[in-house]
Amino acid sequence: MQSQSKSSKLKSWIRKFPRHRKPHLSSPSSVQIQREAQARNEGEAAPGEPTKRKLESEKRHPPSTRSARVEHEAQEGNNGGAAPVETTKQNSESTAITAPANEQNATEERRLSQASITSSEDDAASDSDELQTSNGLSMYGALDEDRDFRVLDILPARKASSQLRCRLKTANLDTRNLGFSALSYSWGSPDTAHSVMCNGRDLKVTLNLHAALVRLRERRKVVTIWADQICVNQSDISERNRQVRIMRDIYARAEHVLIWLGGDDPAPDGPLKRDEISLRMAVRRIRELSEEHRREDYGALQLTHYDYHSGEPQYGLTTEGFTGEYYHWHKKNIMSPAGDPGWEVLQLFFSRPWFTRIWVVQELAMARSVKVLCGDDELSWDEVKNAASYIDIHEYGEVMNSAMAWGSRFPRLLEESAIPTSGCLAMSSIRNEAKRTRQTHNEARCDLLKLLEATRPAQATDIRDKVIALLGLCGDISIIPDYNTSSASLFQTTATELIRVNGNLNILSQVFHSQSSANPNLPSWVPDFADFTRPPTLLSPRSHAAPPSSSSAPSFPAPGALLLPRVWRVARVSDVSPVLDTSHFDIYNDAAAEELFGIFKTMVRPLKRYRNDDTVNKAFFHSLVGGYIEFTPWAPGGRAQSLEALHHDYSHFYLRLVDYVTGMSVLPWNHRSAETYAKTAREKARRRRVVVTEELPMQKGDDPARRSQKLLGLGPEVAEVGDWIVVAEGGCVPLVVRKCENDESAWRLVGECYVHGIMDGEVAKLEGIGVGPMMLV
């Protein structure tokens with residue numbers, strides 16, 4: 001009866017407002033209602049309400065019912081206008097987002113909103129009212145269920161300059177019709193904080209999130225989103241752990257995932273004006289390239305599935321079905337690298353922080369529908385992805401064409417002209433793989449090892465997120481996100497789990513110890529996933545260094561120890577080159593030619609004929625690229641990736657070296673083939689050394705006068721003379737190890753290596769080498 005009485009009196013009070021006003025979708029400011037009620041009790045006019053209306057209201061509301069209403073609204077005020085968090089879990093037929101329990105009261109609240117929002121026009125007085133209502137209480141209520149999460153209502157404003165006002169509400173993932181969008185964005189620096197009024201409290205958020213909320217705010221209706229910076233209590237570690245575990249479901253249930261790339265950037269140093277490199281110009285160029293990509297008939301050209309055996313570790317493009325006519329680079333002059341503002345805006349666009357952050361990988365992969373917001377403009381994800389694909393195919397050819405005229409200035413052109421599309425293409429391929437595995441397994445089951453390699457350059461504020469941010473995409477991994485765990489413990493758990501799940505030692509290829517820094521808390525065999533500067537691994541579809549497994553699996557006999565049951569000790573390292581600086585590896589750089597020729601003359605030429613009847617030239621140039629076969633898009637007829645392609649490309653690079661040494665062109669060499677090889681070497685040989693081993697034991701049929709018994713390869717940055725090259729059962733590539741000084745039975749992993757001549761199981765046939773278990777610590 002009391003509820004009905006209160007309801008009828010609310011209805012009579014609402015009649016004071018004109019019926020022609022359109023109701024707003026948001027609920028009223030509970031703070032404003034509370035202050036109006038308090039003003040009536042004190043005999044004062046409520047803010048924005050004439051004294052005559054106050055007197056009429058007092059006649060309609062006896063003191064008993066009025067005090068009951070004030071008590072009810074005060075309780076709502078403490079919850080920021082949302083329903084109390086203490087409601088029971090809603091079933092699948094209930095309202096998706098928590099609202100007042102009584103449906104009639106909810107309707108009345110929506111009707112009251114035209115008084116609280118329309119009349120105030122989001123002025124400063126209303127905001128100052130909200131600043132005084134928190135009573136020191138936290139705006140974060142408890143999330144009672146594991147599937148509970150919060151959504152954020154962005155309240156409307158007629159003026160773009162009005163302060164942002166928002167409210168948090170509780171929702172549950174097991175309900176229907178959630179009706180929210182999830183924001184994918186880069187947090188940005190916490191040093192540039194802006195204020196947002198949320199549930200009556202002044203909340204500080206980063207500049208980039210503030211800009212995104214302003215961009216999403218509408219004039220007349222509430223916009224409901226999920227943004228982790230606000231919707232998750234970042235100071236509560238326990239809540240963060242629970243929310244991270246359901247984050248993939250939050251993005252999967254969102255109606256749209258809204259990618260916020262940011263607004264306009266100021267012009268960089270240079271002659272270009274701000275309007276020439278505006279974000280709008282980049283958006284226009286993206287649409288042009290996407291349309292051009294759509295029109296071109298690429299046959300079977302498409303983004304690869306998430307598979308190393310495509311031969312593209314950078315998750316680029318497959319080559320089946322290519323026809324030669326599409327290697328003619330620019331039928332239309334859409335891009336030009338030198339001094340073209342359109343080229344520079346593409347560089348700026350794909351250099352935006354969103355493309356470099358680790359968390360956005362999962363957010364994009366799980367999305368049903370994606371919208372890309374760039375300032376006031378909007379793109380589809382397909383437009384961005386297609387433009388990146390077009391650039392990836394065409395850009396290098398344009399640079400090469402320009403290089404013919406630039407000559408020795410080519411390195412500068414190459415550096416200045418690069419458009420960083422690899423992050424976009426990698427994320428798109430991971431999204432494709434997540435979709436494919438969801439169709440098969442009803443959940444995303446990407447390979448965590450490949451995800452860790454693909455996202456190697458991605459950055460994270462919390463280094464633990466380099467692993468945690470990917471776990472939601474790997475349904476067969478049993479690692480539970482926990483921010484109470486140290487990064488060293490998390491990384492070791494990850495390496496252990498990958499050895500257990502995959503049944504091989506491929507995770508050891510991601511170990512890269514640096515001369516300048518190392519994590520002393522990690523065992524030598526555990527990768528430091530936080531190091532986003534490490535070079536790509538030497539893993540290749542053709543690498544099967546260990547014979548088929550026949551013994552027991554690796555084990556973990558003690559904390560931080562890895563026992564390898566069967567290891568072939570091939571040879572000691574007898575010579576190492578200086579660490580290779582591959583940043584200047586290109587066909588027009590004489591310094592690079594001088595460095596490589598010096599290594600070739602002192603370390604390679606004395607080896608005579610290589611032991612497997614290969615030339616030492618072939619062994620050397622295969623080693624510089626780790627035996628990797630690079631796709632050469634300008635090859636006639638769409639030539640498939642093959643060893644012949646690699647031989648062709650390194651041969652022309654070698655002829656370029658001969659050009660440098662002799663000062664004359666002995667044989668004609670192809671610029672593009674030579675630069676294809678140099679481009680691969682820049683990545684694969686980065687921060688590595690050329691290594692030569694001691695003599696191997698004499699093998700049957702060997703002629704020491706004709707064949708060298710030494711091996712040549714590419715080793716890690718910290719390799720030293722005296723280290724051992726070994727092949728462990730279950731490993732695809734050889735390893736460099738070093739004995740521990742204080743424990744003769746233990747070894748430390750130095751890193752992976754490529755050794756020409758033992759990459760295909762040949763160690764099983766070598767005589768006179770030691771075979772046995774090895775303990776890595």
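Predicted model: local features only at pLDDT ≥ 70, side-chain atom pairs only at ≥ 80, totals over all residues.
**Close-up 1. T224 and its polar partner, D153.** Start with strand β6, which covers residues 223-226 and holds T224. Is T224 buried or exposed? With a relative accessible area of 15%, T224 counts as buried, because the cut-off for that label is under 20%. Its side chain still finds a polar contact: the side chain of D153 sits 2.7 Å away from that of T224.

**Close-up 2. Helices α19 and α20 packing against each other.** Here α19 spans residues 590-604 and α20 spans residues 616-624. Their axes are 12 Å apart and the angle between them is about 130°, so the pair is oblique. The crossing of α19 past α20 is right-handed. Which residues meet at this contact? From α19 come L596, I599, F600 and V604, and α20 brings V616, N617, F620 and L624 to meet them. Sorted by class, that contact comes out as seven nonpolar residues and one polar, with no charged ones.

**Close-up 3. A387 and the residues it touches.** A387 belongs to helix α13, residues 381-406. Its relative accessible area is 0%, so A387 is buried. Leaving aside residues up to four places away in sequence, A387 touches I286, L289 and S290.

Terms used:
Residues numbered from 1 in each chain as written. Heavy atoms only, no water. Helix = DSSP H or I, 4+ residues; strand = E, 2+ residues; numbered from the N terminus. Buried < 20%, exposed > 50% of the residue type's maximum accessible area, 1.4 Å probe, protein only. Polar contact = N/O pair within 3.5 Å; in protein donor to acceptor, adjacent residues only side chain to side chain. Axes fitted to C-alpha atoms, helices over the stretch in contact; angles between N-to-C directions. Parallel < 35°, antiparallel > 145°, perpendicular 65-115°, else oblique. Left-handed = near helix turned anticlockwise from the far one by under 90°. Contact = heavy atoms within 4.5 Å. Nonpolar A, V, L, I, M, F, W, Y, C, P; charged D, E, K, R; others polar.
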